[in-house]
Each structure stands twice: as C-alpha cells, then as structure tokens.
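Here are my notes on this one, point by point. Have the model open while you read.

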Amino acid sequence: MTELSKKDFLNKLLEIVKKLSSLSKSQTFRFQQKWNDFLGGVNIKPHLVRIIPVDTEKFLGDIDNRINTLKIVSQAVIDGFYSIKVLTETLYNLYFNSSDFKQQYSEEDQLKIKYLVAKEVLGNLIQYNKLDHQTIPLKYNVIARNYVLLKLKGQNDKSILDNMNKIFDNELTLENIHNVMKEIEIDGIISIEEQDGGLYYRLKTEIKLSEEGEKIYNKDLYQMILWPTNFWRSFYNIRELNITPGMDMEYRDFLQKVLSRSATQGFGPTEFVFKNLVKYYEKIKEDSA
C-alpha cells in the first residue's frame with residue numbers, strides 16, 4: 001500500500017474531492033434532466049446532490065476552507081442516498097398509480113414493471129437495500145433479491161426468510177414470507193408447493209414485458225432507473241484514498257484507520273471516511289489554536 005507524506009496526502013485528497021465535485025455536477029445535471037423528461041408531470045421535486053465548490057489554493061493552504069469543503073462533500077454523500085430514496089418513493093407511491101403509467105402500458109406490463117424496477121435498483125444495490133428496505137414494497141424486494149435462485153432451482157420458505165433477513169436485520173418471520181409469497185403467486189410470478197414440511201417456490205414465468213411494453217420501458221423508465229446504479233458505483237468509490245499516511249502525519253493511527261475504510265466501495269465507507277476527515281482536520285485546527 002502506498003505511503004504518502006503530509007503534502008502528498010493533501011494533494012491526493014484534493015484530487016479525490018475534485019473528482020467528486022465533477023461527479024456531483026455531471027450526475028446532478030443528468031438526474032435533473034431525466035427527472036424533467038420522465039417525471040416532470042409528478043408534483044414532487046427530486047432530491048439533488050449538492051454541488052461541491054473547490055478552490056485549490058484555499059483547500060491546500062487554509063484549514064478552515066478544507067474543513068468546510070469536506071463538510072460539503074460529506075453532505076453530498078448523504079444527498080446521493082436521498083436522491084435514490086425520493087426517486088423510488090415517487091415511482092412506487094405516485095407514478096405507478098398515475099394515469100400516464102396506466103395509459104402507456106398494458107395491465108400485465110404494469111404489474112411486471114414494478115418487479116423489474118425493484119430488480120434493477122435493489123438487485124444491483126445491496127448496500128442501499130440494507131439502508132432502505134421499506135420504500136419499495138416487500139413483494140418486489142423479495143423477487144429482486146431471490147429472482148435468480150427462484151428461476152434456476154426454486155427456494156424453500158426458510159431459505160428465502162434467511163436471505164431476506166440479511167437485509168431486514170431479522171425483522172421478518174416465516175409468516176411474513178408465506179403471506180408475501182402468496183401475493184406474488186396471485187400476480188402469476190411464482191408457483192407454490194408443499195415440500196418437506198414447508199413451502200417451496202419456483203419462478204412460474206420470467207419477468208419479461210411485451211414487445212411494445214419493452215420498447216416504451218427501455219426508452220423512458222429504464223433510462224431513469226439506471227441513474228442510481230451509475231451514481232452509486234462512481235460517486236461512492238474513493239479507493240484512491242486507501243493509502244498509508246506517512247510518519248510525518250499528525251494522529252497517524254487514527255487517520256490510517258479512517259482511510260482503510262475507503263478500500264470498500266459504497267455509501268457506508270464513503271460517508272465514514274469524509275465524516276472522520278472533517279473530525280481529523282478539526283482536531284488539527286484545535287491543536288494549533
């Protein structure tokens with residue numbers, strides 16, 4: 001692992017902050033544009049990732065500016081989570097009940113799209129699913145998380161319960177699973193049979209839209225729901241900060257512990273790193289007062 005002196009570390013940190021500043025501008029512009037194009041008729045405003053202003057000279061030479069900039073980065077990290085949450089809330093609570101949605105798609109496509117969107121967002125973003133598993137209804141979440149196994153060989157009720165409780169922190173019971181799988185069976189997605197004293201589930205039909213529905217979906221809605229995955233994988237990736245602080249760094253052990261978290265991609269590690277970098281420089285400022 002690379003070891004950096006105080007000066008080199010500061011330059012590396014500035015480089016990462018500039019990268020996130022650029023991403024906040026481009027991703028926010030893209031998200032707002034897609035929202036206007038696709039959800040402009042819904043009376044809800046998107047939660048946007050704030051812009052991160054960076055002044056190179058001040059960041060390097062003025063600790064107050066550095067602390068304030070890192071605070072803005074930390075807030076922007078949290079904005080990303082709420083951007084995705086507001087998007088999913090808007091889709092499931094408003095858009096899927098709107099006349100626009102019902103006029104564009106057949107009833108069968110309407111049903112399948114709710115599963116497809118959950119599969120795209122929650123299936124790709126397991127970390128996000130752990131943080132927010134309430135916004136998208138449980139039946140869509142179950143299919144998003146178990147679709148491949150249900151398709152390949154089927155799953156029993158206890159396996160699905162165990163899998164879902166990795167996300168739900170053991171909040172769910174077998175009764176919850178039985179009830180929600182019955183709802184999914186009514187939707188025509190799975191079949192249910194008794195086996196070995198429990199219930200066994202298999203995918204009955206692939207979640208595939210009609211030819212016309214798929215054209216409309218790929219042109220509009222799919223472009224909107226690609227944003228969360230693209231944002232998550234780019235903005236919550238600060239692996240370049242996974243370095244060893246040089247021996248000239250103040251509070252070196254603390255800083256090394258903080259920076260080691262950047263080795264893992266995702267919201268949690270990114271939020272932890274920037275929140276603690278603010279504390280780190282606040283402590284240095286306090287010492288120099």
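1. A crossing counts as left-handed if the near helix is turned anticlockwise from the far one by less than a right angle, and as right-handed if clockwise. By that rule, H1 passes H11 in a left-handed crossing. Helices here are DSSP runs (H or I, at least four residues), numbered from the N terminus.

2. A word on the source: this is a predicted model, where local features need pLDDT of at least 70 and side-chain atom pairs count only at pLDDT 80 or more, while totals for chains, interfaces and linings use all residues. Residues are numbered from 1 along each chain as its sequence is written, and side-chain values use heavy atoms, with hydrogens and water left out.

3. Back to the pair: H1 (residues 6-39) and H11 (residues 221-235) pack at about 165°, axes 10 Å apart. They are therefore roughly antiparallel (over 145 degrees).

4. Ser21 is buried (under 20% relative accessible area), at 5%. Setting aside neighbours within four places in sequence, Ser21 touches Ile52 and Val54.

5. Now look at H10 (residues 211-219), where Gly213, Ile216 and Tyr217 are buried. Seen down the axis, these fall within an arc of 100°, so they line one face of the helix. The face turned away from that side carries Glu211, Lys215 and Lys219, which are exposed (over 50%). The cover over the buried residues of H10 includes H4 (99-104), H5 (107-124) and H11.

Note on methods: Axes fitted to C-alpha atoms, helices over the stretch in contact; angles between N-to-C directions. Helix = DSSP H or I, 4+ residues; strand = E, 2+ residues; numbered from the N terminus. Parallel < 35°, antiparallel > 145°, perpendicular 65-115°, else oblique. Buried < 20%, exposed > 50% of the residue type's maximum accessible area, 1.4 Å probe, protein only. Arc of directions from axis to C-beta. Contact = heavy atoms within 4.5 Å.
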